[in-house]
Every structure is written in C-alpha cells, then in structure tokens.
Amino acid sequence: GKLMDTLIVKGDQLGYSYNGGLKTSSCNDLVAIVCDKPNIWLKFKDKECLLRVSLLKIEIQLQEYFMKINRQVIVNMNHVSELVFKGGAYWVYLKNGMEFKVSERREKKVRESFLKYAI
C-alpha cells in the first residue's frame, strides 16, 4: 500500500505532505481535521488537503485549543462560533459554515473548551 504521509506539529506550525512534497501552514488556519479512514482531511480556512495519517498520531501533537468532538472530528475551538443544541445533541458551528455533531460523552469537555477558547 501507499506509504504514510508526513504530518508534524511544531508549536503553531504544521508541516505536512502536499502534492508529493512538503508544505507548512499555521495551526491557526487549520479549522478542522476529519477522519476518513485510512485518510484524514485537513480543513483549512481556504483549502482542504487529504493525508494518509492516523488521527491519533496528530491528536497527541496538537495544541490544546484543538478539541476532539467525536470519533472522527477534531476542531480548532478558535474557529467555533456557536455550540448549538438541536435534535437531542450538541453541534459545533464553525465561522466558515461547517458544522459537526458532538458525541454525548464529549459534551462537557467541548462546552468547557468553548468557554475557554471560542470567546
């Protein structure tokens, strides 16, 4: 199979595989990370990029303002505009229009993180 891609977090910078080479971006511009096994999508403000890396491997490297809100999704809480309760569940609404469902067992943590970083 295809080799794993590179994804390294150093402080507020992100280094990752891009079009066969390597690219850097600011963590602040990274809005969400969505797992689509065996790949992940890096969703930036202005683009998205598909990488073959494990979500867990990134999760442990990320700054604390990145919050795992369900098994597939990590969001940058600095980009969250609203925490909404609808249809019996919490949803995070991002400033760019994306929305993701929060798993029940993560509600408390997401709520705390919202109060700490989104405001």
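# Briefing on a predicted protein model

Thr 6 lies in the segment before strand S1 (7-10); strands (E, at least two residues) and helices (H or I, at least four) are DSSP runs, numbered from the N terminus. This is a predicted model, in which local features need pLDDT of at least 70 and side-chain atom pairs count only at pLDDT 80 or more, while totals for chains, interfaces and linings use all residues. Residues are numbered from 1 along each chain as its sequence is written, and side-chain values use heavy atoms, with hydrogens and water left out.

**Thr 6 and its surroundings**

- Thr 6 is partly exposed because its relative accessibility is 33%; buried means under 20% relative accessible area, exposed means over 50%, and partly exposed lies in between (1.4 Å probe, protein chains only).
- Beyond the residues within four places in sequence, Thr 6 is in contact with Gly 15, Tyr 16, Ser 17, Leu 22 and Leu 51, where contact means heavy atoms within 4.5 Å.
- Thr 6 and Leu 56 are 50 residues apart along the chain, and their C-alpha atoms are separated by 14 Å.

**Salt bridges**

- The structure holds six salt bridges, a salt bridge being a side-chain nitrogen of Lys or Arg within 4 Å of a carboxyl oxygen of Asp or Glu.
- In general, side chains of opposite charge can pair when their charged atoms come close.
- One of the salt bridges joins Asp 29 and Lys 45, with 3.5 Å between the closest N and O atoms.
- This pair links distant parts of the chain, 16 residues apart: Asp 29 is in the loop between strand S3 (21-26) and strand S4 (30-36), and Lys 45 is in the loop between strand S5 (39-44) and strand S6 (48-51).
- Asp 29 has a relative accessible area of 31% and is therefore partly exposed, whereas Lys 45, at 53%, is exposed.
- Another salt bridge brings together the side chains of Glu 59 and Lys 68, at 3.4 Å from N to O.
- Glu 59 counts as partly exposed because its relative accessibility is 28%, while Lys 68, at 17%, counts as buried.
- Lys 116 and Glu 64 also meet through their side chains in a salt bridge, at 3.7 Å from N to O.
- The residues of this pair are 52 residues apart and link distant parts of the chain, with Lys 116 in helix H2 and Glu 64 in the loop between helix H1 (55-59) and strand S7 (66-68).
- Lys 116 is exposed, with a relative accessible area of 54%, and Glu 64 is exposed at 56%.

**A patch of positive charge**

- Lys 37, Arg 71, Arg 105 and Lys 109 gather in a patch of positive charge on the surface.
- Patches are made of residues with over 30% relative accessible area and no salt bridge, with like charges joined within 9 Å and nonpolar side chains (Val, Leu, Ile, Met, Phe, Trp, Tyr) within 5 Å.

- Asn 39 is placed in strand S5 and counts as buried because its relative accessibility is 18%.
- Not counting residues up to four places away in sequence, Asn 39 touches Val 34, Leu 50, Leu 51 and Arg 52.
- Asn 70 lies in the loop between S7 and strand S8 (73-76) and is buried, with a relative accessible area of 11%.
- Leaving aside neighbours within four places in sequence, Asn 70 is in contact with Lys 101, Ser 103 and Arg 106.
- The C-alpha atoms of Asn 70 and Val 34 are 9.8 Å apart, although 36 residues separate the two along the chain.

**Backbone features**

- Most residues other than glycine have a negative phi, and most peptide bonds are trans.
- The peptide bond from Lys 37 to Pro 38 is cis, with omega near 0°, and Pro 38 is found in the loop between S4 and S5.
- Asn 19, a residue other than glycine, has a positive phi near 50°.
- Asn 19 is in the loop between strand S2 (13-18) and S3 and counts as exposed, at 75% relative accessibility.

**Tyr 90**

- Tyr 90 is in strand S10 (residues 89-94) and counts as partly exposed because its relative accessibility is 22%.
- Apart from neighbours within four places in sequence, the contacts of Tyr 90 include Leu 83, Phe 100, Lys 101 and Arg 111.
- Tyr 90 and Asp 12 are 78 residues apart along the chain, with their C-alpha atoms separated by 28 Å.

How values were computed. Areas by Shrake-Rupley, 256 points an atom, 1.4 Å probe, with all protein chains shown as cover. Lys, Arg positive; Asp, Glu negative; His and termini not counted. Charge placed at Lys NZ, Arg CZ, Asp CG, Glu CD.
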